[in-house]
Amino acid sequence: MSEGGAAATVVEIPAPARRRRPWFALLAGAWHQGRTKVGLLLLLLLGGSALLGPYFAPYSPTEFVAPPYSTPSDFGWFGADLLGRDVLSRFLWGGRSVLTLSVLATLMGMILGTAIGLVAAYSGGLLDDALMRTMDVLLSFPQLVFALVLAATVGPQLWLLVLAVGITTMPRVARIARGAAVEVVERDFIRAAEAIGEPRRRILLGDVLPNVTGPLVVEASLRLSFNIAVVAGLSFLGFGIQPPDADWGLMINENRNGLTIQPWPVVLPVAAIGLLTIATSLVGDGLSRSVAGIEGGGRAKQ
Amino acid sequence: MSSPHALEVEGLRVELEGSRVEILDEVSFHVPAGHVLGLVGESGSGKTTAGLAVLGHTRRGARIAAGEVRIEGRNVLALSSLERQSLRGKLVSYVPQDPGSALNPALRIGKQLEETLSEHGFGRSAGERRARIAETLDEVLLPSDDTFLRRYPHQLSGGQQQRVALAMAFANRPRVIVLDEPTTGLDVTTQAHVLATVRDLCLAHGVAAVYVSHDLSVVATLATDVAVMYSGRLVEVGPTSALFRQAAHPYTRRLVQAIPELSGEHALIGIPGNAPRPGLRPPGCFFAPRCEYVRDVCHVAFPPVETVIEGHEVRCYRYEAVLRESLAARPAAPLRPELEAEDALVTIRGVQASHGSRQVLFDVELVVRPRECVALVGESGSGKTTLARCIAGLHKNYQGEISFRGDVLPRSCRARDRETRRDIQYVFQSPYSSLNPRKTIGQIIGQPLRLFFDVGGEEARRRVVVALERVELSPSVLDRYPHQLSGGERQRAAIARALIAEPRLLVCDEVTSALDVSVQAAIIDVLAELQRDLDIGLLFVTHNLALIRTLSQEVAVMSEGRIVERGLVDTVLDHPEAEYTKKLLSDTPSLEAAMAASG
């Protein structure tokens with residue numbers, strides 16, 4: 001800095017080695033993990049078959065096409081179910097509901113939980129205590145039991161299933177969001193935003209939220225893999241899609257008596273649900289490793 | 001092999017594991033018994049790495065690739081890690097920067113000291129060890145009675161903790177001791193005592209000490225010799241007085257010019273640019289891109305070691321030219337604007353503030369006028385930041401009144417109107433936490449614009465660029481994220497964010513304490529210029545007395561929540577009245593005093 005002619009001596013900034021947006025860095029870091037690639041591949045396969053499956057199904061899912069419990073040697077690729085409907089067609093039709101319901105429920109839980117967690121962390125004091133203790137009370141109900149109680153009182157409704165699973169997801173997300181945000185709200189840039197009179201809503205959305213996305217993204221994938229199992233479980237118990245429509249959970253329930261003669265209508269959805277859960281948790285694991293700064297091959301970043 | 005030096009380091013190279021990128025290279029120095037070598041450098045220069053390498057230790061991910069570290073003729077690096085472990089604490093010991101994290105919080109002080117001794121098989125009986133513990137505690141001026149030994153680290157003050165760490169380091173009477181900025185977190189008074197203790201102990205026991213520090217004033221007071229590090233190389237080594245009076249390396253010279261002085265007679269001049277990071281170092285001299293003496297030859301190869309006089313070595317092709325322009329040619333400080341009798345901008349009357357139930361401010365009175373810079377000086381915990389935050393509306397829990405241009409300010413910034421919030425701007429201590437890491441510099445600086453002036457788009461971008469130029473940042477930072485900038489650049493961006501609101505009062509809370517001296521000088525320069533050009537009042541909060549003469553007209557000295565002395569800067573610094581101010585002044589380490597003392 002030469003004294004006097006300061007306007008001329010603008011400090012030159014050397015080009016940084018990496019010009020990545022933080023978001024991009026998180027995703028790129030996750031992509032470099034082998035597990036993320038495997039997870040994404042599985043997700044693509046199963047998600048694709050669930051979403052696009054109906055267009056490729058050889059028959060209608062409710063059409064009776066063969067004698068009940070026909071084995072693959074007698075009919076089609078995977079035989080027929082207890083009522084003589086094509087197993088492959090029912091499988092291809094039945095993934096949509098599981099996937100959309102669990103994604104919707106997770107989304108709902110994430111949005112509610114994040115909002116509650118951020119507000120609790122930012123306001124602190126009495127509101128913080130009140131919100132988080134309420135979350136603790138909700139957390140003390142087992143997820144499945146809570147959903148069952150709700151479904152039993154109102155009856156099997158799809159929106160109810162989403163609501164029940166969403167609400168039970170919320171407290172877990174709220175705890176994670178609050179935990180991450182508590183640290184952030186103590187930082188000086190939050191004080192700086194307050195000092196210039198930035199509205200609370202904008203501080204929460206513009207300053208706090210972007211700094212807690214890492215743990216939240218990881219939590220979202222974890223919750224999703226958990227909720228897939230819960231939604232499938234609930235529809236197995238008959239609180240989701242109603243017969244005669246196709247659904248993976250429902251298929252398992254309907255066909256479990258014939259397991260020994262014709263295993264395919266049970267094995268196929270069970271494998272799909274299992275793999276879907278594994279795939280989302282693999283992706284979640286990759287993301288969380290990227291957040292923690294672990295590179296592919298398990299070495300910590302320098 | 002016998003040698004006159006207790007510690008000899010020869011051709012040390014430390015590199016990153018895997019990529020083999022050099023962190024430091026060609027580092028050679030030696031320290032005779034009883035001497036203190038000051039290893040100085042700015043953040044990222046590799047000084048701590050060099051200090052740790054003396055113990056044969058590196059941080060994770062790095063390794064010592066070449067070189068020798070000889071302690072009394074024995075090469076430490078050739079030993080097995082187990083042998084080296086037994087040397088540490090006995091032959092060579094280490095005092096870390098933060099004693100709070102170095103002491104085990106779960107063990108009593110006495111137990112920890114005892115362990116240091118028994119680990120190395122000192123003494124035949126517990127009684128003998130107890131006698132040594134009493135002796136070392138006595139040396140570091142701590143009590144050695146049982147009540148003290150039974151305390152836990154958290155029951156001690158920061159200064160006492162650092163003394164315990166010193167006692168542990170000296171307990172086994174090592175030949176070499178490495179001190180890594182041991183006084184950074186301490187108040188000047190405590191720092192002065194700890195420094196005196198280190199010097200006495202090294203002399204008394206013939207210990208060769210390496211004192212790693214970024215603070216040249218401290219090193220000047222303590223060290224017999226100084227080694228200056230830049231980007232992983234030693235650029236100059238020599239006796240303290242020669243090195244600071246007649247710096248032969250351009251970097252040392254610029255560094256000395258960046259040190260704030262109590263007298264404030266010379267201008268503070270920062271060093272433009274940044275030190276190259278490992279892996280991005282240019283061919284030739286690493287300082288060449290920032291050097292005013294640079295010639296073509298400097299870009300070809302790193303300069304060889306040249307001897308100025310016996311014991312004073314430098315690595316610069318042009319050291320003779322540097323030497324010719326002696327330090328006396330240092331430019332004088334620019335005149336501070338005259339004080340004008342004007343109505344007060346901010347008046348603080350009888351403010352009492354508390355954190356929870358603990359009162360931290362007692363009856364504070366202060367006035368800041370337009371176009372005036374008031375320095376608020378005090379040690380950590382004196383309440384100076386709380387006062388600054390009360391003014392900015394960030395600390396609500398206070399009684400008394402703060403009025404701004406005649407009107408009493410509401411306590412919370414949310415309760416204040418837009419105009420007032422715009423008029424009072426606050427710059428935070430650490431630029432590492434005051435900028436949102438997920439926003440670009442352009443977004444961060446544009447935030448006040450949106451709130452205060454309702455401008456957006458091209459006009460906003462234009463104003464942001466103007467603000468950036470005010471703080472001497474290039475417009476290329478607009479789309480960068482804070483982590484892509486250096487500390488000094490971040491603090492400039494933070495100042496730009498405050499300036500863009502066109503404030504009447506700028507509250508600067510320790511804005512340079514997280515920065516290197518060369519950057520600090522540049523930031524002070526920017527602030528001084530802003531104040532001259534923009535007619536704003538400045539409240540400059542700092543713990544560093546040496547900084548204020550360059551910038552402020554008035555000073556208020558704070559101690560334990562009270563203002564103990566207030567007045568014109570020259571009057572207070574030259575003829576202090578309060579006991580506390582006198583003590584603070586005499587304890588503040590300064591290059592001039594150290595040079596004067598050495599004759």
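Q: Is B:Leu435 buried or exposed, and why?
A: B:Leu435 is buried, because 26 other C-beta atoms lie within 10 Å. The cut-off for buried is 20 or more. Keep in mind that this is a predicted model.

Q: Where is B:Leu435 found in chain B?
A: B:Leu435 sits in the loop between β18 (424–427) and α15 (441–452) of chain B.

Q: And what does B:Leu435 touch, leaving out residues up to four places away in sequence?
A: In chain B, B:Leu435 touches B:Ile444, B:Pro482, B:Arg490, B:Ala493 and B:Ala494. From chain A, A:Phe189 is on the list.

Q: How far apart are B:Leu435 and B:Gln491?
A: In sequence, 56 residues. In space, they are 9.0 Å apart, C-alpha to C-alpha.

Q: New topic: what is the strand order in the open sheet of chain B?
A: The order is β14-β13-β16-β17, 4 strands with antiparallel pairing. β14 (358–368) and β17 (407–408) of chain B are at the edges. Each has a single partner strand, so one side of each has no neighbour in the sheet.

Q: How many bridges join β13 and β16 of chain B?
A: Strands β13 (residues 346–355) and β16 (residues 398–404) of chain B pair over 6 bridges, in the antiparallel sense. B:Val346 has B:Phe404 in β16(B) as its bridge partner.

Key. Residues numbered from 1 in each chain as written. Chains lettered and ligands numbered in written order. Predicted model: local features only at pLDDT ≥ 70, side-chain atom pairs only at ≥ 80, totals over all residues. Pairing = 2+ DSSP bridges. Helix = DSSP H or I, 4+ residues; strand = E, 2+ residues; numbered from the N terminus. Buried ≥ 20, exposed ≤ 12 C-beta atoms within 10 Å, placed from the backbone. Contact = placed C-beta atoms within 7 Å.
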